[in-house]
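Try each task before you read its solution.

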Amino acid sequence: MTEKVVIAGAGHAAGQLVASLKQQKFAGQIVLVGDEPYLPYQRPPLSKKFLSGDMPVERLYVKPASFYDDPQIELRLETLITEIDRDSKTLKTDSGDITYDKLILALGSKVRRLAIEGADLDGVHYLRSIADVDGIHAELQHKKNAVIVGAGYIGLEVAAVIRQLGLAVTVVEMADRVMSRVVSPEISDFYQIEHTTQGVKLRLSTGIAAFRGEGRISAVETAEGELIPADFVVVGIGIVPNVELASDAGLTVEDGIVVNDQCQTSDPNIYAVGDCTTHPNSIYDRRLRLESVHNALEQAKTAVSNICSKETHYSQVPWFWSDQYDLKLQIAGLSTGYDDIVIRGNPADRSFACLYLKDSKLIATDAVNSPKEFVHSKTLIAARTVVDRDKLADTKVPLKELY
Ligand SMILES: Cc1cc2nc3c(=O)[nH]c(=O)nc-3n(C[C@H](O)[C@H](O)[C@H](O)COP(=O)(O)OP(=O)(O)OC[C@H]3O[C@@H](n4cnc5c(N)ncnc54)[C@H](O)[C@@H]3O)c2cc1C
């Protein structure tokens, strides 16, 4: 019987792990170990309402402090895990060893950093944690010119918030369109027009050569030699999963910690969930490494069910969202490899969807201010049936009639 579950990492997935262990009436000891000084919290608002100042810090927490006030739960915050010793089933940390019966790795990811001249100047920010937002908030008090490096979800969300606070914002992106890794050119065009209309300057197909300044950043130098004035910079160029502890311990690691559809690693006593994992997905028939709340929460529930002897398998349609200005972009599925695209609705109405097909089956949908299209797409994608593209395009035909 499992008497002690140790959770490594105290982020979003970890909060759900503790909640699920309690829901499943796990009777043993739960130890939650994380290096941040906070209770498990949600990161999406960090580039949205928490950044804009419209959400207090308490609302970020997955569960209130009282939830962890339980003799069954031991909280070890501000504790860095340095090693997993699988032979003795022990976690080594900077404040002592912790033994486990079952270990769940919920280590998340870290930001990808720019290795260029001036990278260490004051005023260069990244965005992953509450502490990072504190640093950006301090800049917002007195500064006028912000440069955002990277036009992915996070870069564009930050651009939207900061622009709405009245600062001059320039976004610099290496690709020739925004969000190019995740959406089609049709959606990129729509968002480019929106940001430009809001007064954001977009520099596409532009690399960064250096950050310039004396001690503190004053300008961003592009690869073409242009100097863009910058009082501060926020870099959002992607993340890297935290896999080092797992690989050093000899667990199988690819572009994430390899787990099966029960969230079990190559060691049956160690599970892994959330951003740090790669898992098999039967809908797309390949392994996925996802950076999303949905994945973190569902993998957490799956791992706990299996630890509590209720065999559960995880394979779902992934989904994501992004809030920019008054636009809610909801993404169901993964559009990689699509061979046909259907636009449902009219972008000029600020409510439409882009539906991606492969072999006449729906594989993904990007829905802009169209929650019904998003919800029904998830079911249509999972059904993997051939769909009539004319009906998909016809807003008078509800998507729910197509499955
Ligand atoms: C600004 C921002 C906006 C986002 N917006 C969205 C969104 O709109 N929609 C969406 O679906 N997703 C969004 N995401 C992604 C989402 O937040 C992540 O997918 C989610 O947090 C993953 O949860 P996790 O528990 O796997 O990792 P995390 O929440 O990152 O938790 C991992 C924890 O482990 C800790 N840790 C790592 N290594 C160690 C160690 N050696 N010792 C101790 N502790 C350690 C980390 O410090 C961290 O606290 C956003 C992320 C960010 C940063």
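A polar contact here is a pair of N or O atoms within 3.5 Å. This is a predicted model, where local features need pLDDT of at least 70, side-chain atom pairs count only at pLDDT 80 or more, and totals for chains, interfaces and linings use all residues. Numbering starts from 1 along each chain as its sequence is written, and side-chain values use heavy atoms, with hydrogens and water left out.

**Exercise 1.** Find which atoms lie 2.8 Å, 2.6 Å and 2.9 Å from oxygen atoms of the ligand.

Solution, step by step:
- Start with Val-293: a polar backbone atom there sits 2.9 Å from a ligand oxygen.
- Go to Ala-13, where a polar backbone atom is 2.8 Å from an oxygen of the ligand.
- Now try Asp-35: an N or O atom of its side chain is 2.6 Å from a ligand oxygen.
- Zoom out: the protein covers 93% of the 1,000 Å² of accessible area that the ligand has on its own (Shrake-Rupley method, 1.4 Å probe).
- H1 and H7 are the elements giving two or more residues to the shell (helices are DSSP runs of H or I, at least four residues).

**Exercise 2.** Describe how H1 and H7 pack.

Solution, step by step:
- Two packed helices are described by the angle between their axes and the distance between the axes.
- For H1 (residues 12-23) and H7 (residues 293-307), the angle is about 35° and the axes are 8 Å apart (lines fitted to C-alpha atoms over the stretch in contact; angles run from 0 to 180 degrees between N-to-C directions).
- Residues in contact (heavy atoms within 4.5 Å) include Ala-13 and Leu-17 of H1 and Val-293 and Ala-300 of H7.

Conventions:
Polar contact = N/O pair within 3.5 Å; in protein donor to acceptor, adjacent residues only side chain to side chain.
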